[in-house]
Amino acid sequence: MSSQVSPAEDSPRHDPLRKPDVPDNVQDAIRTLIQWAGDDPTREGLVDTPKRVARAWLEYCQGYQEDPAVHLSRIFEEVGGYDEVVLLKDIPFQSHCEHHMAPIIGKAAIAYLPRNHVVGISKLARVLHGFARRLQIQERLTAEVAQCIWEHLRPQGVAVVIEANHACMTARGVRTPGVGMITSRMMGTFLEDERSRKEVLSLMGY
Ligand SMILES: [Zn+2]
């Protein structure tokens, strides 16, 4: 095990550009998988693959290192009397399904009806990525994004619609390219009032 490798003396302890060390047991696990899949992990093209795969997975799963709610901690109370829907749509995202660890690639639309305060619009996308960069199922991702905004922004309503392709369906199993899955979560006004729900869905393009 070489998991505890101290940084070189001349390098700053927390250099963000420094590639994270990959412990031997993690590399071994990936070598085992390569072998299991039918290839030779010692051949030239695959020698450094375990390290690359391990570091890539740290990035895919960066969401575990953060609490997405922090992005909603800075709110603006001066909204000039604005009390209509705030919508961010066509937000591209990437996640991985927890059943096959295969990519989920899609786009999201996130809307809320403010109650006295708003957040910077890019924060909605950050909340999405915070939950997407984990092992997920699309249904839970949709619900977690909506719940986080509902709890921390306390708006009158939240609507989240996610449309995505799952590589575990398109590249394996039934191998059905082109099929997309749509999930939605409505809360508050968008759940209770049909007219508001129809309005937000039409703004989202559904
Ligand atoms: Zn899957």
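Trainee: How many salt bridges does the structure hold?

Mentor: This is a predicted model. The structure holds 7 salt bridges.

Trainee: Which residue forms a salt bridge with Arg140, and how far apart are the closest N and O atoms?

Mentor: A salt bridge needs a side-chain nitrogen of Lys or Arg within 4 Å of a carboxyl oxygen of Asp or Glu. Here Glu98 is the partner of Arg140, with the closest N and O atoms 2.7 Å apart. The pair joins distant parts of the chain, 42 residues apart: Glu98 lies in the loop between β2 and β3, and Arg140 in helix α4 (residues 138-153). Glu144 belongs with Glu98 and Arg140 in a network of salt bridges.

Trainee: Which residue does Asp39 pair with?

Mentor: Asp39 forms a salt bridge with Arg43, and their closest N and O atoms are 2.9 Å apart. Asp39 is partly exposed at 32% relative accessibility, and Arg43 is partly exposed at 39%.

Trainee: At what angle do α1 and α2 pack?

Mentor: Angles of 65 to 115 degrees count as roughly perpendicular. Helix α1 (residues 24-37) packs with helix α2 (residues 49-60) at about 110°, their axes 9 Å apart, which means that α1 is roughly perpendicular to α2. The crossing is right-handed.

Trainee: Which residues in α1 and α2 meet?

Mentor: From α1 come Val26, Gln27, Ile30, Arg31 and Ile34; from α2, Thr49, Pro50, Lys51, Val53 and Ala54. By class, this contact has 6 nonpolar, 2 polar and 2 charged residues.

Methods
Residues are numbered from 1 along each chain as its sequence is written. This is a predicted model: local features need pLDDT of at least 70, side-chain atom pairs count only at pLDDT 80 or more; totals for chains, interfaces and linings use all residues. Side-chain values use heavy atoms; hydrogens and water are left out. Axes are lines fitted to C-alpha atoms, for helices over the stretch in contact, and angles run from 0 to 180 degrees between N-to-C directions. Helices (H or I, at least four residues) and strands (E, at least two) are DSSP runs, numbered from the N terminus. Angles under 35 degrees count as roughly parallel, over 145 as roughly antiparallel, 65 to 115 as roughly perpendicular and the rest as oblique. A crossing is left-handed if the near helix is turned anticlockwise from the far one by less than a right angle, and right-handed if clockwise. Contact means heavy atoms within 4.5 Å. Ala, Val, Leu, Ile, Met, Phe, Trp, Tyr, Cys and Pro count as nonpolar, Asp, Glu, Lys and Arg as charged, and the others, Gly among them, as polar. Buried means under 20% relative accessible area, exposed over 50%, partly exposed in between (1.4 Å probe, protein chains only).
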